[in-house]
Amino acid sequence: LLPPPLSLSFCSFLPFHLHKQSNISESRQFVRLTRFFVCFFLSFSVFRLQETQKCDLPKFFITKNSGCRSICSVPIWQPKCCHGYYGRDCLVCPGGVGSPCGNHGNCDDGHLGNGTCTCDAGFGGVACELCSDGFYGASCKPCNCSEHASCDAGRKGSGSCFCEAGWTGERCQTPQAMDVCGTWNGGCAKGAKCSQRGETVTCSCPKGHTGDGFSCQPIDPCVAGDNGGCHEHATCTMTAPGKKKCTCKDNYVGDGLTCDAKQLPISRCLQDNGRCHQDAKCTDLHFEDAKLGVFHVRSGDGQYKLNFSAAQQACSAEGGRLATYNQLSYAQQGGMNMCSAGWLDGARVAYPTTYSNPNCGFGHVGIVDYGVRKEGESFDAFCFRMKEVTCECRPGFVGDGFSCTGNLLQVLQSTPRFSNFLTQILNCSAESESGRQFVQRLGNLTVQKTLFVPENSGLPGNQTLSQRDVDFHLSEGRALSLSELRNGSRIRTRVGSLSVLGVSDLLDPSASRYINDRFVTDSDILASNGVIHVLQGPLQAPPPRQESRAAHKAGMGVGVVLLIVVVSAVVFVGFHFYRRSSNPFHFQYFKVSPSVPLQCQDDRLLGSE
């Protein structure tokens, strides 16, 4: 049997990578050449290959394959492109092998296909990679805008509707009323708020103004009957509509809400010399301080590290307390300038400025007030401490300022129980030179002295002391306290020595002392140039010793001899001078007439020395 006419073709069996060769003509030539050899091989095998049709006869009774006919079977190659490929050369559909037509459409693939994508609803583009007009988002959902809007379409669009002029609403489906507020503020007053709802316009005045919105007037809080809330001694000033500033009037101090009469600082020394002694200089350190006791405190960790409680403790550690607003005002008027906010009493925060500085309170001069703050916030602190009064004894006086003592003469003058002894001293000073010198020694501050003074009860006013007795009460060179007056010791004076007799006392060994035969009733009264011990009665100076008069006469004899020698020398010189000069040598004579009473005469005239 002859096989039927055979038209051979084949399915493309080339690997996929051969379709991607850049040289298409070479691929096509390779395909034609391969097709030729395949067809030649098939034609040759048609006439030589035979196939016996299988029979289902039993093998034991019938000869194998007997009664069967032979047929010829020829394999036929049918050309076909894989899915996602199209055309004679099996090109890849738009979108690629993995997602032909972007998986949003069907590709016209196959050997006879043209590779055109038929996109799903809402998608467009060559590979269905775009959204059609009126669709948006990754899934190209349809827009829901009215005909009076344009949609934010596209794969990256949001689907929002952009209304045409005169339309509003989510889909731009509602006609829009005319924007009245956009023209001349809708007829509202300048600065007023214009609101439109549909065709209805509403006007409202801004804060700090009053009116119906079409007419607005600023509110002046100071015209209220309560002075705008300021203190009665404050001036209210409108700083902006509805806002005010309270300032205390002259001679008042405060924040304007409270004003106190200004109290000029008065030195405490003006009253009773500040409790200092009358012979002391009083200095009120608080009065001398221009800041009147207010001072700034900052944490050791730096600026603004103190909360309210820590600020109180910091002031207490400095011996003070948190300053009040008024105290800070006084300090500011005294020249305190501190561009650093600090806590005040009552958890208030402020700082003082004395000159305009744009970096401090926007140039405000006075108290920059932060008001009451939360106690957990951190600032510095302003503390107040009342400074003390100091007392200092004047020159020539000794003491702590609250008690001052002058020299020995001044102590005598200021102590009434020494008046009789002082009278004796002054009488002698008025009658003799030695008396005047004694008074000068009492007032001399360069030499320390010990003075024994009889009190008035032991020195009656009718008793008279000689200058020698008065001198016997004064020892110069040291100020001997009672404890230094030891038993058996002697104290030198100008007219003799005083003996000290101590009586033992187990309770107070220094309590009993006798000077000569006079008991010490009081002791250690300080003066600026010595110390005074009070005696039971006056001391009596010893009479001049005879030995001293004999020695004085012997000294006079020696003096006479020396005088004769000197006179002889003078005569000798005068003789020679007489020979050379005609002017004679003359002697003059002097006469001394004593006029001092015997009671207070100089001891040298009385022959005591």
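Visitor: Is Cys276 buried or exposed?
Guide: In this predicted model, Cys276 counts as buried because its relative accessibility is 9%, which is under the 20% limit for that class.

Visitor: Where does Cys276 lie?
Guide: Cys276 belongs to the loop that runs between strand S22 (259-261) and strand S23 (280-284).

Visitor: Which residues does Cys276 touch?
Guide: Leaving out residues up to four places away in sequence, Cys276 touches Cys282, Val389, Thr390, Cys391, Gly401 and Phe402. As for Phe402, it is 126 residues from Cys276 along the chain, yet the two C-alpha atoms are separated by 4.4 Å.

Visitor: What share of the contacts in the protein is made by residues 24 or more positions apart?
Guide: Such residues account for 49% of the contacts with a separation of 6 or more.

Visitor: How many helices and strands are there?
Guide: The protein has nine helices and 39 strands. Of its 609 residues, 33% count as buried.

Visitor: Let us take a helix, then. Which residues of H3 are buried?
Guide: In helix H3, residues 308-317, the buried ones are Phe308, Ala311, Ala314 and Cys315. They lie on the same side of H3, because the arc they cover around the axis is only 120°.

Visitor: Why would residues three or four places apart point the same way?
Guide: An α-helix has 3.6 residues a turn, so residues at that spacing point the same way.

Visitor: What is exposed on the other side of H3?
Guide: Gln313 and Ala317 are exposed there.

Visitor: And what covers the buried residues of H3?
Guide: The cover includes strands S24 (294-297), S25 (321-322), S26 (342-344) and S29 (380-384).

Visitor: A change of topic: what volume does the largest pocket have?
Guide: Its volume is about 610 Å³. The lining has 25 residues, and those closest to the centre are Cys246, Gly254, Asp255, Tyr325 and Ile367.

Visitor: Lastly, which residues does the "EGF-like" domain annotation cover?
Guide: According to the unreviewed UniProt entry, it covers residues 89-129, 136-173, 177-215 and 218-260. In the model, residues 136-173 are 0% helix and 29% strand, with the end C-alpha atoms 19 Å apart. For residues 177-215, the values are 0% helix, 33% strand and 25 Å.

How values were computed
Residues numbered from 1 in each chain as written. Predicted model: local features only at pLDDT ≥ 70, side-chain atom pairs only at ≥ 80, totals over all residues. Heavy atoms only, no water. 1 Å grid on protein atoms, 1.4 Å probe; cavity = no way out; pocket = protein on both sides within 12 Å on 5 of 7 lines; lining within 4 Å. Points joined across faces, edges and corners; volume = space filled by probe spheres on them. UniProt positions renumbered as here; feature names shortened; annotations may be inferred. Helix = DSSP H or I, 4+ residues; strand = E, 2+ residues; numbered from the N terminus. Buried < 20%, exposed > 50% of the residue type's maximum accessible area, 1.4 Å probe, protein only. Arc of directions from axis to C-beta. Contact = heavy atoms within 4.5 Å.
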